[in-house]
Amino acid sequence: MMAKNTKSQKTLTKPAVRPEQEQLTAKEFVEKLKTYHSPQAVEANDHLAADQDDVSIGVRMGQVFALAKEYMNMPLDEVEKLLESSIHEVRVGAVSIMDFQARSKKTSEARKKELFELYILRHDRINTWDLVDRSAPYVGGGYLCDKKRDILYKLARSKKMAERRTAIVSTGYFIRQGDVTDTFKIAELLLKDKEDLIHKATGWMLRAAGDVEPDRLVDFLEKYAASMPRTTLRYALEHFDKKQREVFMNMKNISSGLMI
């Protein structure tokens with residue numbers, strides 16, 4: 001999706017962050033974003049749309065991220081206006097601004113709370129896998145790291161795919177801190193999910209958790225490999241050696257009446 005490096009794109013990758021005292025508006029952001037329109041990017045981004053009311057204007061993701069970095073000090077009421085847009089790249093910009101704010105060491109705990117509350121309040125507009133993945137680890141997981149995490153279990157039981165994906169992807173932040181407990185608990189809740197996008201996210205997080213505590217992942221797979229979705233299993237096994245992968249895939253194949 002990202003274009004080859006060019007001189008102009010290199011300039012975009014390290015933009016100057018606009019000062020906090022300067023009023024940064026959603027309108028100005030959208031106007032500037034549209035100037036980066038690329039016909040080639042329209043088709044590349046079109047598959048990200050959530051439904052017929054969600055449209056792509058054809059801006060490469062690297063350019064969206066760079067512009068969001070420039071506007072990272074945007075007030076949250078203006079960020080919410082971006083979330084309300086039907087233009088997918090605008091919403092990518094919104095969650096990217098939220099992510100940059102959540103990551104910043106200058107961001108206060110009060111603002112991180114506001115970011116998290118906005119994320120949950122407007123999750124109806126954070127409704128595709130890429131929007132979730134761009135923001136859930138730091139806006140969600142980063143905020144909840146030292147707090148009760150009940151909200152993630154509520155999201156894991158949601159009827160909405162994006163909310164369930166938030167539940168598991170948010171644990172990516174915990175994994176980076178060496179805490180894998182919630183990853184395995186939430187993964188267990190999602191093993192019977194019908195959505196492939198949940199299967200992939202769950203396998204991805206299990207793989208990451210296994211990098212931290214490999215024995216715990218082995219125990220999990222010994223219990224669930226035969227019954228979990230094949231996609232989840234394959235993702236979870238990516239860092240195993242060939243012999244280990246074959247053992248667990250055989251468990252799945254035997255339960256499915258297949259042979260390798």
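In which loop does Ser 38 lie? Before answering, keep in mind that this is a predicted model. Ser 38 belongs to the loop that runs between α2 (26-34) and α3 (39-46). Is Ser 38 buried or exposed? Its relative accessibility is 8%, so Ser 38 counts as buried, the cut-off being under 20%. Leaving aside residues up to four places away in sequence, Ser 38 touches Gly 58 and Arg 60.

Now step back into helix α2, which also holds Lys 27. With a relative accessible area of 61%, Lys 27 is exposed. If you trace from Lys 27 to Glu 78, you cover 51 residues in sequence, yet the two C-alpha atoms are 8.5 Å apart in space.

On to the rings. How many aromatic pairs does the structure hold? There are 6 aromatic pairs. To describe a pair of aromatic rings, you give the distance of the centres and the angle of the planes. Take Phe 29 and Tyr 71: their centres are 5.3 Å apart and their planes are at 90 degrees, an edge-to-face pair. Phe 29 sits in helix α2, while Tyr 71 is in the loop between α4 (61-70) and α5 (76-83), so this pair ties together parts that are 42 residues apart in sequence. Both Phe 29 and Tyr 71 are buried.

For another arrangement, look at Phe 220 and Tyr 224. Their ring centres are 4.9 Å apart and the planes are at 50 degrees, so you'd call this pair tilted; edge-to-face would need over 60 degrees. Both residues are in helix α14 (residues 214-224), and because they are 4 residues apart there, about one helical turn separates them. Phe 220 counts as buried at 8% relative accessibility, and Tyr 224 is buried too, with a relative accessible area of 15%.

The charged end of Arg 134 sits over the ring of Phe 100, at 5.0 Å from the ring's centre. Arg 149, for its part, lies over the face of Phe 174, 3.7 Å from the ring centre.

Key
Residues are numbered from 1 along each chain as its sequence is written. This is a predicted model: local features need pLDDT of at least 70, side-chain atom pairs count only at pLDDT 80 or more; totals for chains, interfaces and linings use all residues. Side-chain values use heavy atoms; hydrogens and water are left out. Helices (H or I, at least four residues) and strands (E, at least two) are DSSP runs, numbered from the N terminus. Buried means under 20% relative accessible area, exposed over 50%, partly exposed in between (1.4 Å probe, protein chains only). Contact means heavy atoms within 4.5 Å. Rings of Phe, Tyr and Trp (its six-membered ring) pair if their centres lie within 6.5 Å; planes under 30 degrees apart count as stacked, over 60 as edge-to-face and the rest as tilted. A charge sits over a ring if NZ of Lys or CZ of Arg is within 6 Å of the ring centre and within 35 degrees of the ring normal.
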